[in-house]
Amino acid sequence: MSEKENEKVKKYTPWVWTLSIAIPVVVAILFLIKIPNVEPLTFLPPVYAFINAITAIFLTIAYIAIKRKKIILHERLMKISIGLSVIFLVMYVAYHMTSDPTPYGGEGIIRSVYYFILISHVILSIGIIPLVLVTYVRAISKLFVDHKKIARYTFPIWMYIAVTGVIVYLMISPYYV
């Protein structure tokens with residue numbers, strides 16, 4: 001990256017760092033808070049699972065769009081995907097602030113599979129925050145070579161998170177009260 005290109009990105013660096021740290025910390029803190037005397041928002045899990053599914057679809061279409069040089073479509077779909085991820089996170093936190101955790105009831109190997117998927121999903125969902133932000137900053141800074149370099153890692157991780165979010169929901173949904 002040239003010095004001029006570096007300057008373009010540098011102005012966003014504090015925001016990338018701040019959001020990459022603040023989002024997981026705030027979510028962790030909010031998980032510790034239960035809103036008293038509020039009806040559990042039990043309708044939310046299928047809604048945010050659906051949002052994960054739509055995000056995966058939009059990410060796929062955005063990938064196809066950029067391969068076909070449909071830059072505007074790609075840009076719009078990526079912005080929508082970021083917006084959907086934010087909506088998912090708000091709903092996810094709202095659900096957990098009003099509802100007790102649902103224990104997974106599966107047994108045997110499927111239990112291990114569930115926890116592997118869940119743990120990898122959660123860890124990667126924290127790590128994806130700086131990846132998405134850096135990828136986005138490089139795009140809006142018109143540093144497309146650098147954008148493409150990091151997007152090759154961001155895309156499959158984000159796709160994994162979106163798809164495993166749906167899988168986790170499908171696996172635990174029989175155990176919701």
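User: What percentage of the residues in the protein chain is buried?
Analyst: The model is a predicted one. A residue counts as buried when its relative accessible area is under 20%. Of the 177 residues in the protein chain, the share that is buried is 32%.

User: Which pattern does the protein chain follow along the sequence?
Analyst: The protein chain has six helices and zero strands. Its C-alpha trace spans about 55 × 35 × 25 Å along the principal axes. Read along the sequence, the pattern is α-α-α-α-α-α.

User: How much space lies in the largest pocket, and which helix supplies the largest share of its lining?
Analyst: The volume of the largest pocket is about 1,200 Å³. At least two lining residues come from each of helix 2 (13–31), helix 3 (44–67), helix 4 (71–98), helix 5 (109–140) and helix 6 (144–172). The largest share, twelve residues, is supplied by helix 5.

User: How many residues of the lining of the largest pocket are charged?
Analyst: The lining comprises 45 residues, and those nearest the centre of the pocket are Phe 88, Leu 89, Tyr 92, His 121 and Ser 125. By class, 35 residues of this lining are nonpolar and nine are polar. The number of charged residues is one.

User: What is the volume of the second largest pocket, and which helix gives the most to its lining?
Analyst: The second largest pocket has about 910 Å³ of volume. Helix 3, helix 4, helix 5 and helix 6 each contribute at least two residues to its lining. The most, nine residues, come from helix 6.

User: How many charged residues does the lining of the second largest pocket have?
Analyst: This pocket is lined by 27 residues, with Ile 66, His 74, His 147, Lys 148 and Ala 151 nearest its centre. The lining includes 16 nonpolar and four polar residues. Its charged residues number seven.

User: Are Glu 75 and Lys 79 buried, partly exposed or exposed?
Analyst: Partly exposed residues are those between the buried limit, under 20%, and the exposed limit, over 50%. Glu 75 has a relative accessible area of 35%, and Lys 79 has 40%. Both values fall in that range, so Glu 75 and Lys 79 are partly exposed.

User: How far apart in space are Tyr 136 and Glu 75, C-alpha to C-alpha?
Analyst: Tyr 136 is located in helix 5, and its relative accessibility of 32% makes it partly exposed. In sequence, Tyr 136 and Glu 75 are 61 residues apart. From C-alpha to C-alpha, the separation in space is 9.6 Å.

User: What distance separates the C-alpha atoms of Arg 111 and Met 171?
Analyst: Arg 111 belongs to helix 5 and is partly exposed at 34% relative accessibility. Along the chain, Arg 111 and Met 171 are 60 residues apart. Their C-alpha atoms are separated by 9.5 Å.

User: What accessible area do the residues of the nonpolar patch on the surface have together?
Analyst: The patch is formed by Trp 17, Ile 21, Val 25, Ile 29, Leu 32, Ile 33, Ile 35 and Val 38. One of these, Ile 21, is in helix 2 and is partly exposed, with a relative accessible area of 48%. Patch residues must have over 30% relative accessible area, so Ile 21 at 48% passes that cut-off. Together, the patch residues have an accessible area of about 770 Å².

User: In which loop does Asn 37 lie, and what is its phi?
Analyst: Asn 37 is in the loop between helix 2 and helix 3. With 84% relative accessibility, Asn 37 is exposed. Although Asn 37 is not a glycine, its phi is positive, at about 55 degrees.

User: Is Lys 142 buried or exposed?
Analyst: Lys 142 occupies the loop between helix 5 and helix 6. Phi of Lys 142 is positive, near 60 degrees, in a residue other than glycine. The limit for an exposed residue is over 50%. The relative accessible area of Lys 142 is 59%, so Lys 142 is exposed.

Technical notes: Residues are numbered from 1 along each chain as its sequence is written. This is a predicted model: local features need pLDDT of at least 70, side-chain atom pairs count only at pLDDT 80 or more; totals for chains, interfaces and linings use all residues. Side-chain values use heavy atoms; hydrogens and water are left out. On a 1 Å grid over the protein atoms alone, a cavity is a set of points where a 1.4 Å probe fits but cannot get out, and a pocket is an open set with protein on both sides within 12 Å along at least five of seven lines; lining residues have an atom within 4 Å of a point. Grid points are joined across faces, edges and corners, and a volume is the space filled by probe spheres set on the points. Helices (H or I, at least four residues) and strands (E, at least two) are DSSP runs, numbered from the N terminus. Ala, Val, Leu, Ile, Met, Phe, Trp, Tyr, Cys and Pro count as nonpolar, Asp, Glu, Lys and Arg as charged, and the others, Gly among them, as polar. Patches are made of residues with over 30% relative accessible area and no salt bridge: like charges are joined within 9 Å, nonpolar side chains (Val, Leu, Ile, Met, Phe, Trp, Tyr) within 5 Å. Accessible areas come from the Shrake-Rupley method with a 1.4 Å probe; for residues, only the protein chains shown count as cover. A salt bridge is a side-chain nitrogen of Lys or Arg within 4 Å of a carboxyl oxygen of Asp or Glu. Buried means under 20% relative accessible area, exposed over 50%, partly exposed in between (1.4 Å probe, protein chains only).
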